Amino acid sequence: MKDHDLRLVAPAVAAWLAAAVAIGTGRAVAYGIAGAAVAAVVLVGRRRGDARRWCTLALTCAAASAAGVGLRATAVESGPVRALAEAGGRAAVEAVVTADPQPVAGRRFALIRMRAETVDARGRKTRVRVPILAVAADRRWIGLLPSQRVRFTGRFAPPRRVELLAAVVVVRGPPTVLSPASTVQRAAEHVRARLRLAVARLPPDQRGVLPGMVVGDTSRLDPRLAEDFRTAGLTHLLVVSGANLAIVIGAVLGLCRLAGLGRRRAPFIAALAVPVFVVVARPEPSVLRATVMGLIGLLAMFTGRRRQGLPALCAAVLLLVLIDPTLARSYGFALSVLATAGLLVLAPPWRERLRRRVPGPLADALAVAAAAQIAVAPVLVMLSGEVGVVAVLANLLAAPAVPPATLLGAAATLIALVWPEAAQVVVWPAGLAVGWIVWVARTAADLPYATIPWRGGGLGALALLAAGGCAVLTLRYRRVRLVVVAAMAGTLVAVAGLRILSPGWPPPGWMMVACDVGQGDAVVLSTAPGRAVVVDTGPEPRPVDACLDRLGIREVPLLVLTHPHADHVDGIAGVRDGRGLHMVLTTPLGTAKEALPALVPAGPPARTPVGGPAVGEGSQCAKTDGARPSSGQSRCGTVARSAVAGQRWQIDDLTLSILGPAGTGPRLTPDDDGTAINNASVVLLAQRPGFSALLAGDVEPEAQRVLQGVVPPVQVLKVPHHGSRKQEPAFLAATHAAISIISVGRDNDYGHPSTATMDMLRRLGMRIHRTDQEGDIAVVRTAAGLAVVTRH
């Protein structure tokens, strides 16, 4: 670190931490932090020396940061908007969109950050100027652009967390657009649309990835491919980052040199590319942040003054946090800062050491990839609870294709503005480069142990840092290396022995598996080797597909989608991938079209008696004896039908009885709230010799009270609604289950499972198993009864 000027590190970190703590605790604590910092400045000011000067600066920055948060918190925590939110009232709002609408993975709604300007409650119109967050279910919100002025009506609620928001507004209908977007935003959208037109003839994967690499537009990206990029550690390629700007400016400087421009004129021309880049990628806070970080890296690179790179980064952090304190709690901001710091601090010495053993270009690529990945690893662990093992290798393999893909994509974007046909030609080689990156992402994601489970949150990050410190000591001292090698050898022998002696996965005799699909449901009921009924599919295709692959499932005679919430139906493509899927049952209160966009239109409600066809009455694929078709694929396609209470299905030796809902209630509409849709869940009783389970979807107390009189005793209960607080004790008690399974995502935003629900299950004598803590959960039949085997 002697090659770096560290004097601004303390002020930048102090401002960052003060803002992060103040935002998370409210305005009173914010003002308290500011006051304590000012008092500390007075005390430190009595001392002498250089240390006093820099300590005073750090404390002053902390005070300014905390005071800024306090002032903003005062603005949002008082006034008519927060009062309306505390009362849970409804009002008409006029607001300006301040960021792109963000669809929520696994949910059928979007989040839109806006600045409210007028609020009309009960005919009284009030002018305001506070930030709000809209939660909108109508897909017409997705097309809004930043700077558009809209009007809508919604129900106000206070933010769940302490944030610099005046309110969260739940909106059911579409927005009314009052004014178009600004000229700059319209220009950015026009450029993006032209790029989407230019890539229209590329294969689907390339068509989805290339706009993301060039301008951060991932609107056409397959969610499964996005998950592969995340697993492979390549997600940074799909967002606007400083690397995009570095590639573009590098190309401009190269062209300037070829044109014979001197060193004085070339940087000026390259600087003109920056505003163009910002306009095309959208002038949002994330883009501006990435631009600042990219310029810092370029400054250090082209001036050759490595010592000045870190002070420039710290100054940028300090300035950005003081301007926008919410960045202090932004994971994207933390990743940008740490990645830039890694390139400035770690990459240069690693590059010099590697050049002694490998060629220069390879040393540069290795040093950059390793430095960036190691620098951001603690934050990634906090987010995902995983440590990427293949990320450095994947970045190394993908790196040669990134510049040509980005540059040719940028060139095609500019050409498409005047000559779309020529742009389609230019974009073709860019697509080839993107094809290589996609192959790297998919191959790396499919490797065994591509990621290693790790504790998430702050403790996980601290544990990873401790492990990194141990690794450094191990590499530095020979005796420590010998001890570690001996311990690892012993561990390897023990693991190999356990692997040989253990039954592996899936465990023999498994009857039911709750797949770990994150915040969602996916349950597999075995009917025969390679054949199973699936109940719900989780929020994404890849996790349920992987779970079924591990279980060796090649054929799904019946898929039950309990209700049309995305965390139960959006993984349907993963169930269909390479498997025969014959029939799908949905709630009778919804429509197959809502939940099954890729399937055939729904037929009438099926009324199948016990012993009837395994895959649906009237289907040419039906088998009265439950035998497997001759191939793994359905010969007649997939039939979608509505379930009906009282219906029973017999598939091999598995009997499924539908307990609810009754098909006579009001049909679901897009305007229904979450409770109405949850209560429309299909509730199943699964039985086979020596096994019984109740799969209750997401039913809430209202539906539970209706069903509690018809619920028979079972051995296994899939706890409704991910273990939320909304449970009817009599319903849970009526099951008399010994085993309860909660399908829930790690560190979810909903507080699932509820402590009250967990206590209730324990009082009822149930053993509790959770997918967020244990991974896939299998219920197996043994000589002594049912047992649970987990795959973590």
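**Cysteines and a histidine in the predicted model**

With a relative accessible area of 8%, C314 is buried, a class that here means under 20% relative accessible area, with exposed meaning over 50% and partly exposed in between (1.4 Å probe, protein chains only). C61 counts as buried too, at 8% relative accessibility. The structure is a predicted model, in which local features need pLDDT of at least 70 and side-chain atom pairs count only at pLDDT 80 or more, while totals for chains, interfaces and linings use all residues. Residues are numbered from 1 along each chain as its sequence is written, and side-chain values use heavy atoms, with hydrogens and water left out.

One disulfide (a pair of cysteine sulfur atoms within 2.5 Å) is found in the structure. Its partners are C515 and C547, with an S to S distance of 2.1 Å. The link of C515 and C547 is left-handed, at -70° about the S-S bond. C515 sits in the loop between strand 10 (510–514) and strand 11 (523–528), and C547 belongs to helix 19 (residues 541–551), so the pair ties together parts that are 32 residues apart in sequence. Helices (H or I, at least four residues) and strands (E, at least two) are DSSP runs, numbered from the N terminus. Both C515 and C547 are buried.

Turning to the histidine, H565 is placed in the loop between strand 13 (555–561) and helix 20 (566–569). H565 is buried as well, its relative accessible area being 16%. When neighbours within four places in sequence are left aside, H565 is in contact (heavy atoms within 4.5 Å) with G674, I677 and N678.
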